[in-house]
Every structure is written in structure tokens, then in C-alpha cells.
Amino acid sequence: MARQGDALPTRDAMVSIAHSLAGAAGTFGFGEISARASALETLLIENGDEAAAEAALHALIAEIERTLQ
């Protein structure tokens with residue numbers, strides 16, 4: 001489990017995680033999580049805009065939290 005102060009994953013690692021999460025979420029019927037993970041993956045691959053990627057990551061986390069409730 002990640003803790004505050006831990007090193008952040010590299011961009012390549014984040015792309016891989018987002019890709020895996022998009023596929024797994026879609027397989028198990030969590031379409032909104034899949035869509036948000038896919039959007040994050042695309043931003044990380046195609047765009048160097050850190051603010052947009054961070055916003056997409058926060059949107060993904062919020063969707064996961066909503067789904068878990």
C-alpha cells in the first residue's frame with residue numbers, strides 16, 4: 001500500500017496501471033471506471049500536460065470511491 005512520502009510511480013508505470021485497470025474494470029462491468037482509466041492512459045501517452053493528467057487521476061480515484069460505497 002502506498003504511503004504519503006513514498007516515491008510516485010514513473011509515467012510508464014502509470015500508463016501500464018491505467019491500461020490494466022481500464023481492461024479489468026471493463027471486464028467486470030465497471031464501465032465508468034474503465035472509461036476514466038482509459039482517459040487517464042490516453043492523457044499520459046499523448047499529452048505532457050501534468051495538470052490534465054492529475055485531474056484525470058483524481059476523477060478516476062473519485063469514481064472508484066463512489067463505486068465502493
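Let's start with E41, which is buried yet has no salt bridge. The nearest side chain of opposite charge is R11, and that is 12 Å away. Please keep in mind that this is a predicted model. E41 sits in helix α2, and, leaving aside residues up to four places away in sequence, it touches V15, A18 and H19.

How many salt bridges does a search of the whole structure find? Four. One of them brings R11 back: its side chain meets that of E50, at 2.4 Å from N to O. R11 belongs to helix α1 and E50 to helix α3, so this pair ties together parts that are 39 residues apart in sequence. R11 counts as partly exposed, at 30% relative accessibility, while E50 counts as exposed, at 52%.

Next, R36 and E32 form a salt bridge with their closest N and O atoms 3.2 Å apart. Both lie in helix α2, four residues apart, about one turn of the helix. Over in helix α3, E63 and R66 are three residues apart, and their side chains meet in a salt bridge at 2.7 Å, N to O. E63 is buried, with a relative accessible area of 12%, whereas R66 is partly exposed at 46%. Salt bridges with shared partners join E32, R36, E63 and R66 into one network.

Last, the largest pocket, with a volume of about 330 Å³. Its lining has 13 residues, and E50 turns up again among those nearest the centre, along with L8, M14, E54 and L57. Helix α3 gives the largest share of that lining, six residues. By class, the lining has eight nonpolar, two polar and three charged residues.

Key. Residues numbered from 1 in each chain as written. Predicted model: local features only at pLDDT ≥ 70, side-chain atom pairs only at ≥ 80, totals over all residues. Heavy atoms only, no water. 1 Å grid on protein atoms, 1.4 Å probe; cavity = no way out; pocket = protein on both sides within 12 Å on 5 of 7 lines; lining within 4 Å. Points joined across faces, edges and corners; volume = space filled by probe spheres on them. Helix = DSSP H or I, 4+ residues; strand = E, 2+ residues; numbered from the N terminus. Nonpolar A, V, L, I, M, F, W, Y, C, P; charged D, E, K, R; others polar. Buried < 20%, exposed > 50% of the residue type's maximum accessible area, 1.4 Å probe, protein only. Lys, Arg positive; Asp, Glu negative; His and termini not counted. Contact = heavy atoms within 4.5 Å.
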